[in-house]
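Me: Could you take me through this structure? I would like to discuss its packing, its pockets and its charged pairs.

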Amino acid sequence: MLKGWIPPDKGVLFVITGPSGVGKSTLIRASMARIPQLRFSVSATTRDIRKGEHDGVDYRFLARADFDKRVAAGDFLEHATVYERSYGTLRQPTAQALSTGASLILDIDAQGAAQVRKAGLPHVSIFLLPPSLDALEGRLRARGTDNDEIIACRMAQVGQQIEACGAFDYLVVNDHLTTAQATLDGILLAEMSRRNRRESLVQDMLGQLIRGSQRT
Ligand code: ADP
Ligand code: 5GP
């Protein structure tokens, strides 16, 4: 954890998007281990659980009927069909996390990011790009979680994801992991350091000065 880091009063909603295998989960996990008050938005999905994943931690794994029921009930802030499965961000836990002042990371695809933008919710968007398509495919294979058919499906939709990057605030290339990590952490920390998100620090200090001057 970063020593002496004071989180903002008002949490920031971060949207992180990029093609499958670019390194979103790897980078987000490491940022969260370092930066206090940064939470991960646990999406709902109908895809199968992977080895090493935990229900309620990585995703809420829902049956198709349950997912559809929640769509009909308007429970999702955004939802989309990605790589032939349904994924969505639930409204309630998102609002709840932000109401506590925590910052929240949404790892969602380009369609979901467009819906968050359309909803007019203040947020900061970051697009992750691989150094090359070959490197991207290599990472999907090296991860060892998906079969050839799934990898082909994901690679077939890379263009659709990358074409959307023009609407994002930041573009981070995940070539060398340490460089990408430093860049991502820098963006997260800079956005959380915006003056208007830290009013209480100034007000507390001014209050101390006023109280001090009243005593003399
Ligand atoms: P995503 O969440 O975007 O689908 P992951 O975080 O699961 O991607 O990363 C896919 C694979 O690539 C993982 O095996 C991960 O360890 C690896 N990886 C991530 N970043 C890098 C990098 N900069 N260089 C090499 N391999 C990486
Ligand atoms: P994976 O199956 O590899 O975990 O994720 C596949 C893709 O779905 C990734 O691009 C990821 O960002 C996206 N995704 C995960 N959760 C959500 C979500 O809640 N909404 C949307 N729109 N996309 C999501």
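Reply: The conversation below goes through cores, pockets, salt bridges and backbone angles in turn.

Me: Before the details, what conventions apply to the model and its numbering?

Reply: This is a predicted model, in which local features need pLDDT of at least 70 and side-chain atom pairs count only at pLDDT 80 or more, while totals for chains, interfaces and linings use all residues. Residues are numbered from 1 along each chain as its sequence is written, chains are lettered from A and ligands numbered from 1 in the order in which they are written, and side-chain values use heavy atoms, with hydrogens and water left out.

Me: Which residues touch the most other members of the largest nonpolar core?

Reply: They are Phe14, Ile16, Ile35, Ile105, Ile126, Leu188 and Met192, in a core of 25 residues. A nonpolar core here is a set of buried Ala, Val, Leu, Ile, Met, Phe, Trp, Tyr and Cys residues joined through side-chain atoms within 4.5 Å. Buried means under 20% relative accessible area, exposed means over 50%, and partly exposed is in between (1.4 Å probe, protein chains only).

Me: And which elements give two or more residues to that core?

Reply: Strands E1 (13-17) and E8 (124-129) do, together with helices H1 (24-34), H5 (133-143), H6 (148-156) and H8 (177-192). H8 provides the largest share, six residues. Helices (H or I, at least four residues) and strands (E, at least two) are DSSP runs, numbered from the N terminus.

Me: What does the second core include?

Reply: That separate core has twelve residues, among them Leu13, Val116, Phe127 and Leu129.

Me: Back to Met192. What is it in contact with?

Reply: Apart from neighbours within four places in sequence, Met192 is in contact with Trp5, Pro8, Val12, Phe14, Ile35, Ser103, Arg197 and Arg198. Contact means heavy atoms within 4.5 Å.

Me: On to pockets. What is the volume of the largest one?

Reply: Its volume is about 1000 Å³. On a 1 Å grid over the protein atoms alone, a pocket is an open set of points where a 1.4 Å probe fits, with protein on both sides within 12 Å along at least five of seven lines, and lining residues have an atom within 4 Å of a point. Grid points are joined across faces, edges and corners, and a volume is the space filled by probe spheres set on the points.

Me: Which residues are closest to its centre, and what classes make up the lining?

Reply: Of the 40 lining residues, Ser25, Arg29, Arg50, Asp107 and Arg143 are the closest to the centre of the largest pocket. The lining divides into 14 nonpolar, twelve polar and 14 charged residues. In this scheme Ala, Val, Leu, Ile, Met, Phe, Trp, Tyr, Cys and Pro count as nonpolar, Asp, Glu, Lys and Arg as charged, and the others, Gly among them, as polar. The largest share of the lining, six residues, comes from H1.

Me: How does the second largest pocket look by class?

Reply: Its lining has five nonpolar, one polar and eight charged residues. The space in this pocket is about 320 Å³, and the residues closest to its centre are Arg47, Arg85, Asp146, Ile150 and Arg154. H6 gives the largest share of the lining, four residues.

Me: How many salt bridges are there?

Reply: There are twelve, a salt bridge being a side-chain nitrogen of Lys or Arg within 4 Å of a carboxyl oxygen of Asp or Glu. Arg47, Arg50, Glu53, Arg143 and Asp146 are linked in a network of them. Glu53 and Arg50 meet at 3.9 Å, N to O, and both residues are buried.

Me: What about Arg34 and Asp185?

Reply: Their side chains form a salt bridge at 2.8 Å, N to O. Arg34 is in helix H1 and Asp185 in helix H8, so the pair ties together parts that are 151 residues apart in sequence. Arg34 is partly exposed at 32% relative accessibility, whereas Asp185 is buried at 8%. Leaving aside neighbours within four places in sequence, Asp185 is in contact with Ser31, Arg34 and Ile35.

Me: Last topic: what is phi of Tyr83, and what is phi of Glu84?

Reply: Phi of Tyr83 is near 50 degrees and phi of Glu84 is near 70 degrees, each a positive value in a residue other than glycine.

Me: Is each of them buried or exposed?

Reply: Tyr83 is buried, with a relative accessibility of 11%, whereas Glu84 is exposed at 58%.
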